[in-house]
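Have the viewer open while you read.

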Amino acid sequence: MWAFLVLLGAAAVSAYPHNLAFDGHKVFRVILQNEGQVEIINSLASKMQVDFWQPDYITLVKPKMQVDFRVEADKVFEVEYLLKENKVEYRVLINNLKTALDAQFDSKARSTSHSYEKYNTWEKIAAWTEDITAQNPDLVSRSVIGETYEGRPMYLLKLGKSGTNKKAIFMDCGFHAREWISPAFCQWFVKEAVETYGKDNVMTRLLNNLDFYVLPVLNIDGYVYTWTNDRMWRKTRSKNSGSFCIGTDPNRNFDAGWCSMGASGRPCDSTYCGSAPESEKETKALADFIREHLSTIKAYLTIHSYSQLLLFPYSYTYKYPENYEELNSIASAAAKQLATLYNTKYTYGPGATTIYPAAGGSDDWAYDQGIKYSFTFELRDTGYYGFLLPESQIKPTCEETLLAVKYIANYVLDHLY
C-alpha cells in the first residue's frame, strides 16, 4: 500500500506526496457533557486509531471538555454514526486533512530559499543558523549542544552584545514535530533581534543587558519526519526496546513528576514518557545545557501550538508554584500586550488547572531547577486549522507573540535574582 502511495504521489499535484495518505481524514471537535459521553470517546479510541489533538491523550478527556481528534477516512462514517447515535455534540473542524495540508503553503513569498514567512525545512533552518551568525558577528554566535538520535547537530544561537556577568533567558521551539508554527517563531525572534537592535529601545536594552539562548528546533528528527513521511508526527524518532513503536514525547521526558499524570508508559502512545527521565538524546542535551548555565539563566520560555495559551507551572501537580501571584500577573500583562496587535485572545494560568495535567514537561523541570520565570506558549489558533496553521498567519502570529516575549524579558531584566 505504501509503495502504491508513493508512486501515486509522484504524479499527484499535492505539494508533498505523503499528504495523499491523509485524503479523507477528518478532524472532529466534540463537547462532552457527562461521563457517559467520555466513555463513548474511550471506546472509540480502543476500537480504532484516534489521533488526539486537544487534549493530547485519551486519559485526559473529561466531562465538559472540548476535544479535538483526527480519524482516518475509512472510519469517518462509523465515528459520525456513533456520535449522532449517542447525542454527542460535535462539529467537523477539518473536512479533508489533505486539502488542509496543501492549503498550509499559501504564502505569497515566492522564495525557494529560507523565508521568515514560510515554513522552512530543517536543511534551510540549519543553513540559516550559520548565515545569521556570519551576518551578525557582534550579536549572534552559534554552538552545538548535542546531537539527535539520528545524528543531527543541535544548533543553539546565543543573542546579545558581549558583556561581563550577563544573565540570560533560554527559549526553545519545536518540541513536538507537527507544531510547525513554533520553529517559525524562534526564527522570527532572531530576525527581530538583529534587525531592530539599535532602533527599538526595548530590544536594544534587552540585548545590551541580557543574553538570549535560542534553540530553533529541539526535536529535529521528528521535524524532518513531518516533511518527509508523516505531517502529523509528534514524538522523537528513537527506537523503543521491546516495541515496534517509535519515539518518545520529549515534553513528557523531563524529571518533573516524570510519567505520573497526563503521560503514558506505553511506547505506542503519543504521550509516551520514555524509558527514564532524559532518555532522549535531545532532552538530555537541553537539560545538560541548562544545568551547566543555571547560575545565569533566569527565565525559560518554551513555544508550542495550538490553543492560544500562556501557561506556567505546575502541570505535573495541581499545587500552585511559590511565586504564583507574580507569574499570574506577568502572564496576564503579557497576554494583554499580545492582544494589542490583532486582538488575539490568550488564556493564561498554571498548566494543570488551566488545561490538563501533564507530567515530565520542560517548563516544570526548569522551574524546579530554580528558574523562577518559566512559561509555555501555545500559539495560534484555537482549532480551526490546529497544527496546520497556514503560512499567511506566520507573520501576524510571530508579531503578536514577540510583544509578549519582549514584555516577559523586560520584566525579568527588571527583576533579576
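Are cysteine 173 and cysteine 186 buried or exposed? Both are buried in this predicted model. They bond to each other, and since cysteine 173 sits in strand β7 and cysteine 186 in helix α6, the pair ties together parts 13 residues apart in sequence.

That's one of 3 disulfides in the structure. Counting bonded cysteines along the chain, the pattern goes 1-2, 3-5, 4-6. Here they are:

| Pair | S to S | Torsion about S-S | Hand |
|---|---|---|---|
| Cysteine 173 and cysteine 186 | 2.1 Å | 85° | right-handed |
| Cysteine 245 and cysteine 268 | 2.0 Å | about 85° | right-handed |
| Cysteine 259 and cysteine 273 | 2.1 Å | -70° | left-handed |

In the last pair, cysteine 259 counts as partly exposed at 24% relative accessibility, while cysteine 273 is buried at 2%. Cysteine 245 is partly exposed too, at 23%.

What about cysteine 398? Its sulfur is 8.7 Å from the closest cysteine sulfur, that of cysteine 173, so it's too far for a bond. Cysteine 398 is buried, with 0% relative accessible area.

Cys398 also turns up where α13 meets α6: Phe185, Trp188 and Phe189 are among the α6 residues there, with Leu402 and Val405 among those from α13. The contact residues divide into 9 nonpolar, 2 polar and 3 charged. The two helix axes come within 9 Å and cross at roughly 65°, in a right-handed crossing.

How values were computed:
Residues numbered from 1 in each chain as written. Predicted model: local features only at pLDDT ≥ 70, side-chain atom pairs only at ≥ 80, totals over all residues. Heavy atoms only, no water. Axes fitted to C-alpha atoms, helices over the stretch in contact; angles between N-to-C directions. Helix = DSSP H or I, 4+ residues; strand = E, 2+ residues; numbered from the N terminus. Left-handed = near helix turned anticlockwise from the far one by under 90°. Contact = heavy atoms within 4.5 Å. Nonpolar A, V, L, I, M, F, W, Y, C, P; charged D, E, K, R; others polar. Disulfide = S-S within 2.5 Å. Buried < 20%, exposed > 50% of the residue type's maximum accessible area, 1.4 Å probe, protein only.
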